[in-house]
Amino acid sequence: MLKIDGLKVNYGGIEAVKGISIDVPERQIVTLIGANGAGKSTTLRAIAGLVKPAAGRIHLQGEDITGLSPDHIVSRGITLVPEGRRVFPDLTVLENLKIGAYLRNDSLEDDLKWVYDLFPRLKERSWQAAGTLSGGEQQMLAVGRALMSRPKIMMMDEPSLGLAPLVVKGIFDIIKEINKQGVTILLIEQNANMALRVADTAYVLETGRLTMTGTGDELLHNEAVKKAYLG
Amino acid sequence: MEYIISILLSGISVGGQYALIAIGYTMVYGILRLINFAHGDVFMVAGLMGIYLSASMPLYVAIPMVIVLTAILAFFIERAAYKPLRSAPRMSVMISAIGVSYLLQNMATYITGAQPMTYPTIPGLSDTVQIAGTPTKWAVLLTPVLVAVLVVALTVLINKTKVGMAMRAVSKDFETAQLMGIKINTVISVTFVIGSVLAAVGSILYFTNYSAVTPTIGALPGLKAFVAAVFGGIGSIPGAVIGAFIIGICETVIKGLPSAWDVSVFSDAFTFALLVIVLVFKPTGLFGEKATDKV
Ligand SMILES: Nc1ncnc2c1ncn2[C@@H]1O[C@H](COP(=O)(O)OP(=O)(O)OP(=O)(O)O)[C@@H](O)[C@H]1O
Ligand SMILES: [Mg+2]
């Protein structure tokens, strides 16, 4: 569904991503794991249109979407839940959800219901300013906001960052549930253990290069991965 | 008593004119963190356009034209002078703004030959009525009403509409706003257009009272409106409006003090003293955000 070929991204003179190829099949959960600074966020930012790739192509269902601006990427059905959640703190929970559907002009009722069913907590707090939510609630909101664009693919940048283990488990349950309902997931994690458990396909990224790939299970039991990422 | 009423009326009117300019400063700051030094000069250009257009067409055409052309001018200034510097350090954008300010002043000098130009008399606005025994221009009475209507409309736009929601999002986080599909350049353009439309309306009211337009005339009301915006807490629209009324009224009261005291010449200095005092005790202004940015 989403095909990345030889993607390179530079920041100034520094090559952050050095030519990687990733395949995200429809309805799968694909994960990209790697240490700090490996280039995981940069990869997602390039797909989302926030940074222009220096080389390589990105195709969505056969269409070349390389270098399109973020609004075109969103309208084609790719959404990004950014690192650190980045909810709009002064907007209410409901406004944050509505802004996730910014490019749509049809009725949002069904989608609001969908998001509120996934995250009943958000419904209770729909009039609260998003900045006053707890970290876990903000992560739910960031995911809900992304779903409001009715994505084909949801990319998630370290959704477990800074959350308590129980909350992380809740988030991963929701990721599986969203995936079951038909949304393809491209997930980045430092929490490799959790990510590999839910992933159909997994890639390991080291300083801008892919070093390993396989099913989630395979990598979970791979000695090198165990040593480097599973402690 | 009558004297006091007339001073207060004129203070409210001056404050309203500053408010219309101050909103432009505060909105642009809110979204770009930029002090748009060219804003006062856009106000001056709106004044000049009022003069030239009204000379060649009826006022009911000329006035809407002034507003539309001012908006177009502000749009192009943003696209040409600020947009290319979107990821440059803020200091560069500020220098660009100062450059635009001088460019507009120099062009005005070139076109007018540095002669003060007389603003047209606008029937209705320039007519006087007797309020508590003092003759008062309609413009003076109309200003606070118009400011109130425009501020309410703007508040509704920002809080209730989709584009308003986008403006609030962009002012907090460019990148995440883009991830929502918001075209930030469009939203920034809308902000400049709104600010300049209000400044154009302000110019009509202002020059109906002061009548002469010179190339540098935008500087002082522009600076005072800027002070008003900082006083109210830059980035906050209600803050800018309240700040503008306070400055307008204080200034007019000082000008109106008994001439034996000989303080009226200090009314401008007062404005800046007020700014310094506010910044000492409340660096973020009356309604400012917590985080302060160094200008
Ligand atoms: N805006 C930027 N300007 C310059 N260099 C950048 C920028 N963003 C990232 N980098 C550099 O690119 C490299 C990859 O960064 P990236 O954020 O993609 O890593 P990451 O894998 O997401 O790491 P983390 O797990 O810490 O989030 C790093 O060396 C980083 O310093
Ligand atoms: Mg990252």
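This note comments on selected features of a predicted model, point by point.

1. Conventions. Because the model is predicted, local features need pLDDT of at least 70 and side-chain atom pairs count only at pLDDT 80 or more, while totals for chains, interfaces and linings use all residues; side-chain values use heavy atoms, without hydrogens and water. Residues are numbered from 1 along each chain as its sequence is written, and chains are lettered from A and ligands numbered from 1 in the order in which they are written.

2. The magnesium site. Ser41(A), through OG, and Glu83(A), through OE, coordinate the magnesium ion (ligand 2) at 1.9 to 2.6 Å. Donors are N, O and S atoms within 2.8 Å of the metal (3.2 Å for Na, K and Ca), and sites may look incomplete because water is not among the atoms. Ser41(A) belongs to helix H1 (residues 40-48) of chain A and Glu83(A) to the loop between strand E6 (78-81) and helix H3 (93-100) of chain A, so the pair ties together parts that are 42 residues apart in sequence. Helices (H or I, at least four residues) and strands (E, at least two) are DSSP runs, numbered from the N terminus. Ser41(A) is buried, at 17% relative accessibility, whereas Glu83(A) is partly exposed, at 36%. Here buried means under 20% relative accessible area, exposed over 50%, and partly exposed in between (1.4 Å probe, protein chains only).

3. The six-stranded sheet. Chain A has an open sheet of 6 strands in the order E6-E7-E8-E3-E9-E10, with mixed pairing; two strands pair if DSSP finds at least two bridges between them. E6 and strand E10 (209-215) of chain A are the edge strands, each pairing on one side only. From one strand to the next, the twist averages 15°. Axes are lines fitted to C-alpha atoms, for helices over the stretch in contact, and angles run from 0 to 180 degrees between N-to-C directions.

4. Within and upon that sheet. Strand E7 (residues 153-157) of chain A and strand E8 (residues 184-189) of chain A pair in the parallel sense over 5 bridges. Met154(A) has Ile185(A) in E8(A) as its bridge partner. Helix H6 (residues 135-147) of chain A packs on the sheet and touches E6 and E7 of chain A, with its direction at about 170° to that of E6(A). Contact means heavy atoms within 4.5 Å.

5. The interface. In chain B, 17 residues are in contact with 23 residues of chain A. The two chains, B and A, bury about 1900 Å² between them, 64% of it on carbon and sulfur atoms; buried area is the accessible area (1.4 Å probe) that two parts lose on being put together, summed over both. Lys172(B) forms a salt bridge with Asp90(A), with the closest N and O atoms 3.2 Å apart.

6. Most residues other than glycine have a negative phi. Thr207(A) has a positive phi near 35°, and Thr207(A) is exposed, with a relative accessible area of 55%. Ala114(B) likewise has a positive phi, of about 60°, and lies in the loop between helix H4 (90-112) and strand E1 (117-118) of chain B.

How values were computed. Salt bridge = Lys/Arg side-chain N within 4 Å of Asp/Glu carboxyl O.
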